[in-house]
Amino acid sequence: MVVASPNPARAEKFQPIVLPVVDLSAERLEVSNLIVKACEEYGFFQVINHGVSEDIIAQMEEEGLNFFAKPLSEKQRAGPATPFGYGCKNIGFNGDIGEVEYLLFDTNPLSISQRSNTISNDPKKFSFAVSGYIQAVRGLACEILDLMAEGLWVHDSSVFSRMIRDVESDSLFRLNHYPPILCKDRETSPSSFHGHSSSKVGFGEHSDPQILTILRSNDVGGLQISLDEGVWVPVPPDPNAFCVNVGDVLQAMTNGRFVSVRHRALTNSYKSRMSMAYFGAPPLHAWVSAPAELVTPQKPLLYRPFTWGEYKKASYSLRLGEGRLDLFRKH
Ligand code: GA4
């Protein structure tokens, strides 16, 4: 295990982790086995040869960069992000703060198109880019979820993907922008006595509540994952890959075989980072429970069945970093 510091100011200097890289164009059985292994060991992996067109990614990135380059007063016309729109520094409803600005959307094409009017001077172009991107990454998420079910030998291989294919799926899309922050903090970072700079927390530690997250960022690092309590390991950025991570609901649906791992994002001292995240979620009324194949006398059901609506409510009533899945544990 790589050793890293719990102090964000110092963590950057530790060796980055090499996440498993899954080539989606390889042989199907091999791919599904690799994905299962990655989800059990890391809860995170990268996918290459994912089939999402470069044009779709580039258009979305351009629209995001154009938006964040606007003056604050203009961006605020699209806010506040409670529940959807532009947010700056405030995360969630319970006082969490980070060095981040963002746009949060539900994935319904109609509401994206309505929202675009306050976001862009060319709303049609903006909503076309967002809808196209969401459609493409949703397809990728479904493909990955089917591969997971196959790798787990679950008979109904659409058991996970069906939830995000549903027209009532409560999936979200988020654009995060982390402006560069140069901070030479003598108090918190001993290394700053030698003129080193340190990083600030852009988005504090948390796990994603949903099923699966498909993340892409520009070539600026900042994402860190915590495989051991208090140990933060940087994930190097790769603009050619998507980073995929298991959410709390998938941990419950795999009866704890897959892990929903805590992660956070730090700011860079000199460069701005933009990430685009699709959070695949069930419909609010859908029941979350592990399929029969994953429950055995040796591995009894870990979590009581719950609806996504119930889980979402619990998530929003807690602070960002608080564990929520434990509230649903049976024993
Ligand atoms: C984390 C994952 C997604 O970004 C998000 C976040 C949401 C928010 O920013 O409003 C939450 C956070 C996220 C987890 C717990 C709750 C909800 C802030 C918060 C304190 C959009 C999501 O679905 O959950």
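**Figure 1. The loop between α4 and β3 in the predicted model.** Pro-80 is found in the loop that joins α4 (72-75) to β3 (85-91), and this structure is a predicted model. The peptide bond leading from Gly-79 into Pro-80 is cis, and its omega is near -5°. Pro-83 is also placed in the loop between α4 and β3. The bond from Thr-82 to Pro-83 is cis, with omega near 10°. As background, most peptide bonds are trans.

**Figure 2. Trp-153 and its backbone angle.** Trp-153 belongs to the loop between α6 (123-151) and α7 (161-165). Its phi is positive, at about 60°, although Trp-153 is not a glycine. In general, most residues other than glycine have a negative phi. Is Trp-153 buried or exposed? Trp-153 counts as exposed because it has 11 C-beta neighbours inside 10 Å, and the limit for an exposed residue is 12 or fewer.

**Figure 3. Asn-255 and its backbone angle.** Asn-255 sits in the loop between α8 (248-253) and β11 (262-266). Asn-255 is not a glycine, yet it has a positive phi of about 55°. Asn-255 is classed as buried because 20 other C-beta atoms lie within 10 Å, and a residue is buried at 20 or more.

**Figure 4. The packing of helices α3 and α6.** Two packed helices are described by the angle between their axes and the distance between the axes. The axes of α3 (residues 54-68) and α6 come within 9 Å and cross at roughly 135°. The crossing of α3 past α6 is left-handed. On α3, the contact is made by Ile-56, Gln-59, Met-60 and Glu-63. On α6, it is made by Phe-126, Ala-129, Val-130, Gly-132, Tyr-133 and Ala-136. By class, this contact of α3 with α6 comprises seven nonpolar residues, two polar residues and one charged residue.

**Figure 5. The shell of residues around the ligand.** Which residues come nearest to the ligand? Of the 15 residues around it, these are Ile-91, Gly-92, Asp-208, Ser-315 and Leu-320. At least two residues of the shell are supplied by each of β4 (96-106), β5 (172-178) and α9 (308-317). Sorted by class, the shell holds seven nonpolar, four polar and four charged residues.

Terms used:
Residues are numbered from 1 along each chain as its sequence is written. This is a predicted model: local features need pLDDT of at least 70, side-chain atom pairs count only at pLDDT 80 or more; totals for chains, interfaces and linings use all residues. A residue is near a molecule or strand if its C-beta atom, placed from the backbone, lies within 6 Å of it. Helices (H or I, at least four residues) and strands (E, at least two) are DSSP runs, numbered from the N terminus. Ala, Val, Leu, Ile, Met, Phe, Trp, Tyr, Cys and Pro count as nonpolar, Asp, Glu, Lys and Arg as charged, and the others, Gly among them, as polar. Axes are lines fitted to C-alpha atoms, for helices over the stretch in contact, and angles run from 0 to 180 degrees between N-to-C directions. A crossing is left-handed if the near helix is turned anticlockwise from the far one by less than a right angle, and right-handed if clockwise. Two residues are in contact if their C-beta atoms, placed from the backbone, lie within 7 Å.
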